[in-house]
Amino acid sequence: MRILFLGAPGAGKGTQCKRLSAKLSLPHLSSGDLLREAVKAGTPAGVQAKEYMDKGVLVPDEVLIEMFKEKLSSAECKNGFILDGFPRNLSQAKSLDELLVSLNSGLSTVINLDVDDSFLTERICGRWTCGNKACAAVYHVKFAPPKVPGKCDVCSSDLTQRADDKEELVKARLNTYREQTEPLIQYYTEKKLLKTVSGEGDQDAIFNNLLQSLQVTA
Ligand code: AMP
């Protein structure tokens, strides 16, 4: 299966994609994670991306297209993939279409993880992640707090907050989503690929609805 996730920042794409990736044994390709790794490693793409990420706006298309060309052509993706965060605007969506055609492939389904605006800011600003990359468990100060404040329940590593999950940047990220990414809902609806799943409520229930819409047995 070749699945693409759409949804606003804070909709819970990362959490659900990780679970789906484990369930279907498919690679989870998160553009945000790939960019943060590039920033941390100080690669040329990372250095270029950082100034945009620090402002909550989109990194230039060519950086992302190059990154995903390499990933999607790799053996890791030969049985399918779960895309999270790419494409993020119409021009990236068209480039992805062309790339998949060149690989004799195409998307199976696009999932729109839908969450009411009123929940998003609180969800994002309370989010903390385990700093151990191999674990990367996600917590929320109010909705899913760790047992010991600041420490991961699974591996006891320190929890970290993403630099762009601070309130002053969240507004910019939500505006970027509304202006540039939301039009993709229409784009994939017209291609008859879009399925909307509610991202509100209990994580297990959301995951079960997701499996149902993908026609995968729980
Ligand atoms: P995310 O973790 O998906 O919220 O992404 C964090 C930041 O990375 C975004 O605010 C953007 O600056 C950048 N980013 C992630 N995906 C893309 C993309 N497809 N195109 C451009 N910028 C992106």
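At what angle do helix H4 and helix H5 pack, and how far apart are their axes? The angle is about 25 degrees and the axes sit 11 Å apart, with H4 covering residues 61-72 and H5 residues 90-102. Before going on, note that this is a predicted model, where local features need pLDDT of at least 70, side-chain atom pairs count only at pLDDT 80 or more, and totals for chains, interfaces and linings use all residues. Residues are numbered from 1 along each chain as its sequence is written, and side-chain values use heavy atoms, with hydrogens and water left out.

Two packed helices are described by the angle between their axes and the distance between the axes. Here the axes are lines fitted to C-alpha atoms, for helices over the stretch in contact, and the angles run from 0 to 180 degrees between N-to-C directions. The helices (H or I, at least four residues) and strands (E, at least two) are DSSP runs, numbered from the N terminus.

Back to that pair: H4 and H5 are therefore roughly parallel to each other (angles under 35 degrees count as roughly parallel, over 145 as roughly antiparallel, 65 to 115 as roughly perpendicular and the rest as oblique). On the H4 side, Asp61, Leu64, Ile65, Phe68, Lys69 and Leu72 meet Ser91, Gln92, Ser95, Leu96, Leu99 and Leu100 of H5, where contact means heavy atoms within 4.5 Å. That contact splits into seven nonpolar, three polar and two charged residues (Ala, Val, Leu, Ile, Met, Phe, Trp, Tyr, Cys and Pro count as nonpolar, Asp, Glu, Lys and Arg as charged, and the others, Gly among them, as polar).

Gln92 also turns up at the ligand: a polar side-chain atom of Gln92 lies 2.9 Å from a ligand nitrogen. In all, 16 residues surround the ligand, and the closest are Ser31, Val57, Gly85, Arg88 and Gln92 (a residue counts if one of its heavy atoms lies within 4 Å).

Now for a peptide bond to look at. Phe86 and Pro87 are joined by a cis peptide bond, with omega about 5 degrees, and Pro87 is in the loop between strand E3 (81-84) and H5. Elsewhere, Ser156 has a positive phi of about 65 degrees although it is not a glycine; Ser156 is in the loop between strand E6 (138-140) and strand E7 (159-160). For context, most residues other than glycine have a negative phi, and most peptide bonds are trans.

Two further helix pairs are worth a look. Helix H2 (residues 31-41) and helix H3 (residues 44-53) pack at about 115 degrees with axes 8 Å apart, and their crossing is left-handed. Helix H1 (residues 13-24) and helix H9 (residues 203-213) cross at roughly 55 degrees, their axes coming within 11 Å. That makes H1 oblique to H9.

Methods. A polar contact is a pair of N or O atoms within 3.5 Å; within protein, one must be able to donate a hydrogen and the other to accept it, and residues adjacent in sequence count only if both atoms are side-chain atoms. A crossing is left-handed if the near helix is turned anticlockwise from the far one by less than a right angle, and right-handed if clockwise.
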